[in-house]
Amino acid sequence: MIRKHGPAIRWSWRIGVLCLCAVFLAPGLTAAGQKAFTLVNVIFDGTKIWLPSTLILHKGDEVVVTLLNKLDAPHGFKIADFGVEAVVPPKGKTTVRFVADKAGVHPFICHLHPPHIGGQILVLE
Ligand SMILES: [Cu+2]
């Protein structure tokens, strides 16, 4: 004889699976670790910008940022708060590394061309 479970039992089983998934996934979402990003320098509506313009990290993250410059001139990438400064050659690629050891909002800029639009790095506690 096959017994069918009632809706309450089926839902409790599903909630249990969700809780197990949350236990395994949550540390990856909240704990510091290694994070990798790729940013690209483009012209948007006549203005040179780095995209994406906001990176979200946790304090203690070890960060690798690959910078792609799609333009015909060198462009800079500087995060003063983390001692990062690099020049990306025209149509070239550069990689920078840092540890996000300070919480808060940290700007990044193109230090070669101050009018260019940079962005911000949000480091959560
Ligand atoms: Cu620039």
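Mentor: Let's start with pairing: two strands pair if DSSP finds at least two bridges between them. Strands (E, at least two residues) and helices (H or I, at least four) are DSSP runs, numbered from the N terminus. This is a predicted model, in which local features need pLDDT of at least 70 and side-chain atom pairs count only at pLDDT 80 or more, while totals for chains, interfaces and linings use all residues. Residues are numbered from 1 along each chain as its sequence is written.

Trainee: What does the secondary structure of the chain come to?

Mentor: You get 1 helix and 9 strands. Walking along the sequence, the pattern is α-β-β-β-β-β-β-β-β-β.

Trainee: And how do I read the confidence; what pLDDT does the chain average?

Mentor: pLDDT is the predictor's confidence in each residue, from 0 to 100. The average here is 85, and 75% of the residues score at least 70. Watch residues 17–28, though: pLDDT stays under 50 there, and the model has 0 contacts beyond four places in sequence for that stretch. A contact is a pair of residues whose C-beta atoms, placed from the backbone, lie within 7 Å.

Trainee: Back to pairing. In which order do the strands of the 3-strand sheet run?

Mentor: The order is β3-β9-β8, in an open sheet with mixed pairing. β3 and β8 (104–108) are the edge strands, each pairing on one side only. From one strand to the next, the twist averages 20°; axes are lines fitted to C-alpha atoms (for helices over the stretch in contact), with angles from 0 to 180 degrees between N-to-C directions. Zoom in on β3 and β9: their pairing is parallel, over 5 bridges, and I56 sits opposite L122 in β9.

Trainee: Which strands stand at the edges of the 4-strand sheet?

Mentor: That open sheet runs β2-β1-β4-β7, again with mixed pairing. β2 and β7 are at its edges with a single partner strand each, so one side of each has no neighbour in the sheet. Neighbouring strands are turned by 20° against each other on average, direction ignored. Inside this sheet, β1 and β2 pair in the antiparallel sense over 5 bridges, with F44 opposite T47 in β2.

Trainee: How many residues lie between the strands in the hairpin of β5 and β6?

Mentor: There are 4, and G83 in this hairpin takes a positive phi near 65°. The two strands, β5 and β6, pair in the antiparallel sense over 5 bridges, and F77 stands opposite A86 in β6.

Trainee: Is β5 mostly covered or mostly uncovered, and how many of its residues are buried?

Mentor: Mostly covered: 4 of its 5 residues are buried. A residue is buried if 20 or more other C-beta atoms (placed from the backbone) lie within 10 Å of its own, exposed if 12 or fewer, and partly exposed in between. Over the 125 residues of the chain, 17% count as buried.

Trainee: Which residues touch the most other members of the largest nonpolar core?

Mentor: Nonpolar side chains in soluble globular proteins tend to be buried together. A nonpolar core is a set of buried Ala, Val, Leu, Ile, Met, Phe, Trp, Tyr and Cys residues joined through C-beta atoms within 7 Å. The largest one here has 15 residues, and L57, L67, F77 and I121 touch the most other members. Two or more residues come from each of β3 (54–58), β4 (62–69), β5 (75–79) and β9 (119–124), and β4 gives the most, with 3. Across the chain, 58% of the contacts with a separation of 6 or more join residues 24 or more positions apart.

Trainee: Where is D45, whose phi is positive?

Mentor: D45 is in the loop between β1 (34–44) and β2. Its phi is about 55°, although D45 is not a glycine. D45 is exposed, with 5 other C-beta atoms within 10 Å.

Trainee: And K91: exposed or buried?

Mentor: Exposed, with 11 C-beta neighbours inside 10 Å. K91 also has a positive phi, near 55°, and is a residue other than glycine. Look for K91 in the loop between β6 (84–88) and β7 (93–99).

Conventions: Contact = placed C-beta atoms within 7 Å.
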